[in-house]
Amino acid sequence: MYTTSSIAPVFLVHHLVKAGLLVRGSKIILVSSESGSITLRHESEGGGNYGHHASKAALNMTGKLLSLDLKDKGIVVGIVHPGFMRTEMTKSVGFDKFWDDGGAVTPDEAAKSLIEFIDGFDLSKTGEYWAPRGSRDIGTAEPVLGKDLATPLKLPW
């Protein structure tokens, strides 16, 4: 998980920049998860799932560091939580029982939200961590961050 989430992006971006394929105005969007937010981890969810949570936290740090390195080149780096997904992966770990109450979306629905969000994502937001669909599928958002949260929602590290 760590190789895919936090090491591979560094190598991929390095080679794309070196090859001249990422230039001023390019956007790099790293697909993370709200599970990578240390702030949003809450007693109500308990612990466990260490590899997933820790690798997503590492991806968030990778995105932040890449944004610092690439800002002067005019390359934008964003980190996003695409939403709680209705996929075989979440089903295989028993999370399908939370799909309806948890606001799970299909990959197509998530992709549409991401495209709309990315269109407006610019250098002023580089290095930030966002939930384009807002807090509706983040069970710990209100207990940790409060009520009446914005959509899109800037997530805490």
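This is a predicted model: local features need pLDDT of at least 70, side-chain atom pairs count only at pLDDT 80 or more; totals for chains, interfaces and linings use all residues.
1. H1 gives the most, with 6 residues.

2. Next, the packing of the two helices just named. Two packed helices are described by the angle between their axes and the distance between the axes. For helix H1 (residues 2-18) and helix H2 (residues 50-70), the axes come within 7 Å and cross at roughly 20°. Angles under 35 degrees count as roughly parallel, and H1 and H2 are therefore roughly parallel to each other. The crossing of H1 past H2 is right-handed.

3. On the residues at this contact: from H1, Tyr2, Ser5, Ser6, Pro9, Val10, Val13 and Val17 take part. They meet Tyr50, Ala54, Ser55, Lys56, Ala58, Leu59, Thr62, Leu66 and Leu70 in H2. Sorted by class, the contact of H1 with H2 has 11 nonpolar, 4 polar and 1 charged residues.

4. The largest pocket has a volume of about 1000 Å³. Its lining is made up of 35 residues, and those nearest the pocket centre are Glu34, Ser35, His52, Phe84 and Phe95. The elements that give two or more residues to this lining are H2 and helix H3 (88-92). H2 gives the most, with 5 residues. H2 therefore needs checking in both pockets, since contact means heavy atoms within 4.5 Å. By class, the lining of the largest pocket has 12 nonpolar, 16 polar and 7 charged residues.

5. Two backbone points remain. Most residues other than glycine have a negative phi, and most peptide bonds are trans. Asn49 is not a glycine, yet has a positive phi of about 50°. Asn49 sits in the loop between E1 and H2.

6. The peptide bond from Thr151 to Pro152 is cis, and its omega is near -5°. Pro152 is located in the loop between helix H5 (141-145) and strand E4 (153-154).

Note on methods: Residues are numbered from 1 along each chain as its sequence is written. Side-chain values use heavy atoms; hydrogens and water are left out. Axes are lines fitted to C-alpha atoms, for helices over the stretch in contact, and angles run from 0 to 180 degrees between N-to-C directions. Helices (H or I, at least four residues) and strands (E, at least two) are DSSP runs, numbered from the N terminus. Angles under 35 degrees count as roughly parallel, over 145 as roughly antiparallel, 65 to 115 as roughly perpendicular and the rest as oblique. A crossing is left-handed if the near helix is turned anticlockwise from the far one by less than a right angle, and right-handed if clockwise. Ala, Val, Leu, Ile, Met, Phe, Trp, Tyr, Cys and Pro count as nonpolar, Asp, Glu, Lys and Arg as charged, and the others, Gly among them, as polar. On a 1 Å grid over the protein atoms alone, a cavity is a set of points where a 1.4 Å probe fits but cannot get out, and a pocket is an open set with protein on both sides within 12 Å along at least five of seven lines; lining residues have an atom within 4 Å of a point. Grid points are joined across faces, edges and corners, and a volume is the space filled by probe spheres set on the points.
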